[in-house]
Amino acid sequence: MKTRSLITPILALVSFPAFLFGGMEAPKTTLESYTPWQDDTVKTFENILVQQDGRVKPINTVARFTLLQFLGKSKVWFQTESGESYRVDYAAWLLDVLFRPQIANQLPVFVVDDSEVVVQIGVSPKSKRDRYSYNELLKGRSKLAELGAEFEAKEKKYRDSEKDPQYELERVEGMILTLARNVSSYEYLIGQFGFARTGEAMVNEGMLPPEMVELSRRLNMVDMVDKMPEMTTAQLSQLIRQAPGESEDEKRFSAALRLFFFQASSAQGIHLFPPRDSDQEEWLSGGDLLFAGLASKKDREWTREQLVKIQALTQALKEGEKDFNTALHTFSDQQHSAAAALGEGTHSQMEIRLYRGQWFINALYCFILAFLLMAFSWMTPGTKVGRLLTFGAAILTLLGFALDVYGITLRCIIRQRPPITNLYDTVLFISAIAVLLGLFIEYATRMGVGLLVAVLSGVLGMFLSLKYEAKEASDTINQLQAVLDTNFWLATHVTVINIGYAAGLVAAVIGILYLSGRFAGLWMRRENPDFYRSLTRMNYGVICFCLFFSFAGTVLGGIWANYSWGRFWGWDPKENGALMICLWTLVILHGRKAGWIREIGLHVNAIMLAIFTTFSWWGVNNLGVGLHSYGFTEGVWGALYASWAVMAVFMLMGIPIWLHDTKERQEKKLKSHVGKEAHA
Amino acid sequence: MARNPIDWSPKNWLRLLYDFFSSFKLATAILIFITLVTLLGTLGQVDHGLHAAKEKYFHSFYFVERFGPVPVVLPGGLLLMILLFINMVVGAIIRVKKRWKGVGLLISHLGILMLLVGGFVTWAFSTDGFMALYPGMSSDRVESYRDWQIEIVPITAEGKGEKAWIYPSRQFESLRPGEERTLDASELPFAVVVSDYSKNTHPIPISAPMASQVQAPEVNGYKLAVNTPSKEAEQNLPGCYLTIQPRKGGDSIRAILWAASYRFDPKEKSMPFTFTVDNQLYAALLSKKSWTVPFTVKLDRFDFSRHPGVMMARSYESLITRSQGDHTDTQVEIKMNEPMRYAGFTFFQESFGPAGAQPGDEMFSQFAVANNPADQWPLYALIVVAFGLSLHFLLMLFQFIVRSRHKTPPTPFTS
């Protein structure tokens with residue numbers, strides 16, 4: 001019987017990946033064949049440093065979040081015309097974009113959630129939600145730019161008018177704007193090293209008149225700088241606007257200037273070159289160097305030295321991947337030495353390890369496996385196998401916890417900050433604390449409930465972290481605003497309040513277990529009252545824990561606000577959110593003393609506490625008002641409403657349980673009354 | 001078991017009141033209402049802005065909230081805080097059984113009371129404003145963020161204003177369109193009449209196409225158009241009509257006073273409306289309410305840096321010299337999270353300007369200036385509450401673990 005009961009879940013487990021991926025086909029491309037980059041080349045490339053968003057980071061990070069932004073995934077999956085399919089990861093994809101743009105243009109990296117978007121720009125749609133390559137979108141490029149500009153202006157009006165609904169973007173308009181931004185960002189990437197590809201066809205030649213395209217095959221932009229008179233970018237910009245003279249030479253000169261301006265303007269965004277002077281902080285892009293060389297003759301030697309390094313890379317690639325890898329190594333070594341002299345780039349290898357290690361995905365796998373083991377253990381309760389499975393689940397939970405903590409630690413070391421500096425960090429941290437709390441409960445009670453709480457918290461937390469990272473698609477190790485530049489308050493207020501959040505959520509998980517267990521028990525009629533009383537005691541303890549940390553965190557936040565904003569309390573939405581958590585724990589504790597809240601009420605209110613917690617954690621950030629603007633986010637209401645609806649369903653389970661208990665109490669009372677009368 | 005009937009006789013009322021105000025039921029109800037008011041006040045900020053939401057929900061005795069078409073009267077934050085204070089004093093401090101087991105809770109309730117008292121002192125007695133200075137400038141004047149006033153200043157032959165008649169906006173902000181109010185100006189040779197004061201306005205020339213839609217009097221070719229108040233109360237630009245009626249007779253003088261005539265950058269000069277009565281030149285201005293601190297602050301240096309390559313501010317800090325009468329000048333550094341506390345005032349590094357300044361532009365530093373007698377009370381209260389709660393919860397946790405460890409873990413189902 002026991003063996004047979006295990007067959008179905010095992011079959012389900014084995015067939016799940018097949019169900020998930022079976023029948024799915026890689027998107028077809030126009031590529032006849034594809035040669036993947038060698039691992040060595042990718043490894044060398046990913047360690048190249050870039051300054052972006054105010055910090056120096058490995059290009060690996062830039063590649064990862066850029067692809068996430070375009071595609072929502074960290075790997076491009078496609079099929080060549082010959083039918084071979086490939087999964088190219090983010091760093092290899094960026095290598096294609098920068099050094100083999102003709103190939104990259106055919107890769108399906110732009111995800112479009114609604115085919116209406118491509119219809120509106122005049123591109124033939126594929127399925128309702130699909131991926132498109134740059135080349136596929138080219139036909140609608142000008143329309144996309146036009147609509148993008150229109151919706152950009154509308155969005156600005158919406159912001160400036162303090163969210164006047166008449167300027168709010170429609171769903172498809174928002175998607176068109178996102179696609180326009182993504183395509184524009186992509187064009188900057190493919191144009192990044194255009195200046196260094198003398199003699200090659202231009203990737204973005206459709207944007208230019210034929211005489212400039214023809215010129216680009218002969219003209220070396222780096223050499224051109226040497227021959228030009230000194231002029232600022234503004235002067236160059238003014239010059240190219242003037243009509244060229246009549247002679248061929250003048251026309252050619254004018255075309256050359258326009259080409260130079262185009263190439264230098266396209267090579268913006270990837271800041272690869274450390275500054276020459278140690279008192280400078282801003283790294284330079286290829287375009288910056290071209291403009292700087294043009295502006296000042298005394299800088300030309302140095303700018304030329306830098307630009308030639310990129311030319312060396314593009315030349316080496318023509319010789320083969322081995323030469324390219326060697327050239328890439330040389331570039332990377334020189335760059336790292338210059339960065340080290342400035343005290344930067346010291347944690348680049350660790351940052352690569354953070355993303356390559358996939359600690360949080362692996363933690364999720366551990367928690368899922370632990371959950372499955374626990375589920376199997378429920379089928380064999382009280383047996384050796386059951387105990388072994390529970391032990392396995394506990395080990396996997398500890399492993400998942402360790403992976404989460406390891407990832408958090410790497411992030412702390414990389415940015416030299418306490419664990420939480422942004423909303424993404426809170427997900428990782430709260431998950432870790434919830435798991436820890438669950439494990440502690442398990443240690444104290446050995447009922448299996450703490451372990452289940454830990455596992456569920458781990459699964460939900462890690463899943464949320466992955467979803468949120470993909471949704472935001474921007475570097476999660478970001479620079480801090482001036483007000484947050486204090487490790488003391490980040491380590492105290494922020495950490496403590498998030499421990500409170502974690503406890504609020506754990507209380508809800510216990511509440512859900514209690515209510516769903518008892519709800520099921522209404523039909524099974526074998527429920528053990530002692531077990532549920534223990535759950536109530538457990539949850540009471542967690543609520544007290546939540547009160548302590550929420551209160552301390554809230555007041556610490558007030559004290560911090562008093563140091564930075566000049567007042568302890570300002571009824572700011574984030575402050576109010578934290579206050580509501582404190583208040584609701586107090587409602588539960590005082591309501592219990594008042595006799596208004598008993599067992600069922602405690603668990604129902606524990607779920608309500610989680611609703612306040614999620615409102616404070618996510619909801620107020622979505623309101624877009626208040627002083628905590630560094631934590632603002634958008635587009636989470638849907639998920640929040642869904643989670644609240646689910647929680648409300650569990651809360652409603654309390655009603656039949658309460659009716660059942662009331663009826664049972666009355667019957668007992670009646671029986672005892674009848675018994676007493678009979679006895680009398 | 002039947003409950004004893006409640007004795008409602010007058011001699012028992014005091015007892016009933018005592019029971020009511022000390023009850024856990026009242027505490028729970030108050031806490032539920034505070035949660036509800038906090039939630040409504042938070043959501044209300046989206047539509048009405050922080051200042052309006054604070055006034056409606058938190059600084060009130062009651063308010064009316066519409067839930068769809070149904071208006072519901074709810075207790076305001078102020079009333080709830082007063083009730084909570086009474087409930088805590090009577091219930092958690094006086095009535096509670098004094099046992100060793102409950103000492104942690106007693107301490108934590110005392111801490112919460114400290115916090116509430118601190119909140120009241122802050123609400124009732126604190127002032128807050130700002131001081132903005134460019135490097136090299138000095139001042140002892142603090143300006144309000146939101147409160148405005150009308151200033152009438154006689155101008156001397158040297159072009160200076162040595163004395164001013166000040167009329168705070170509370171004297172005329174309740175005016176409705178078309179209403180006017182005469183302000184007390186008995187020492188002046190004219191009466192001052194204010195009309196049509198609005199919180200957010202802009203003057204519009206009568207030649208503008210929109211002017212015909214503005215229902216307001218015309219003065220010198222302009223009308224004062226009323227705008228919807230901004231959600232950020234600090235962004236509002238109030239305006240009003242001013243009528244000067246010379247007491248010795250003669251024509252009245254009419255003017256529009258608009259907040260934008262006041263300076264918004266420390267380097268700017270205000271542009272008051274000037275008029276002559278009895279051969280004396282006067283200036284009238286709608287200015288921000290201001291007050292002085294007992295020392296002068298001179299901004300020596302303002303350091304501002306952004307993260308490389310982006311517009312986000314990395315740090316901003318000010319080096320100031322504080323001078324007070326015969327005291328030695330003191331140089332102090334004020335930066336984010338490190339304010340200067342002196343003579344009951346606290347100077348916080350708040351922001352910088354002008355808006356849209358590019359790297360290399362000269363910038364001013366803005367300090368938030370607060371005078372709060374209960375400034376550090378929250379910190380003391382936190383220490384007290386944290387100690388009390390730690391004591392109580394640790395004791396409970398210890399008991400829970402001991403009890404749990406000595407019992408066979410129960411299972412969900414009976415065998």
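Student: Leaving aside neighbours within four places in sequence, which residues is A:Ser516 in contact with?
Tutor: Contact here means that two C-beta atoms, placed from the backbone, lie within 7 Å. Skip the neighbours within four places in sequence, and the partners of A:Ser516 are A:Phe650 and A:Met653.

Tutor: A quick note on the model. It's predicted, so local features need pLDDT of at least 70 and side-chain atom pairs count only at pLDDT 80 or more, while totals for chains, interfaces and linings use all residues. Residues are numbered from 1 along each chain as its sequence is written, with chains lettered from A and ligands numbered from 1 in the order in which they are written.

Student: Why does A:Ser516 count as partly exposed?
Tutor: Count the other C-beta atoms, placed from the backbone, within 10 Å: 20 or more is buried, 12 or fewer is exposed, and in between is partly exposed. A:Ser516 counts as partly exposed because its C-beta neighbours inside 10 Å number 13.

Student: Where is A:Asp53, and what is its phi?
Tutor: Look in the loop between strand S1 (49-52) and strand S2 (55-58) of chain A; strands (E, at least two residues) and helices (H or I, at least four) are DSSP runs, numbered from the N terminus. A:Asp53 isn't a glycine, yet its phi is positive, at about 50°.

Student: Is B:Asp278 buried or exposed?
Tutor: This one sits in the loop between strand S13 (273-277) and strand S14 (280-306) of chain B. With 12 C-beta neighbours inside 10 Å, B:Asp278 counts as exposed.
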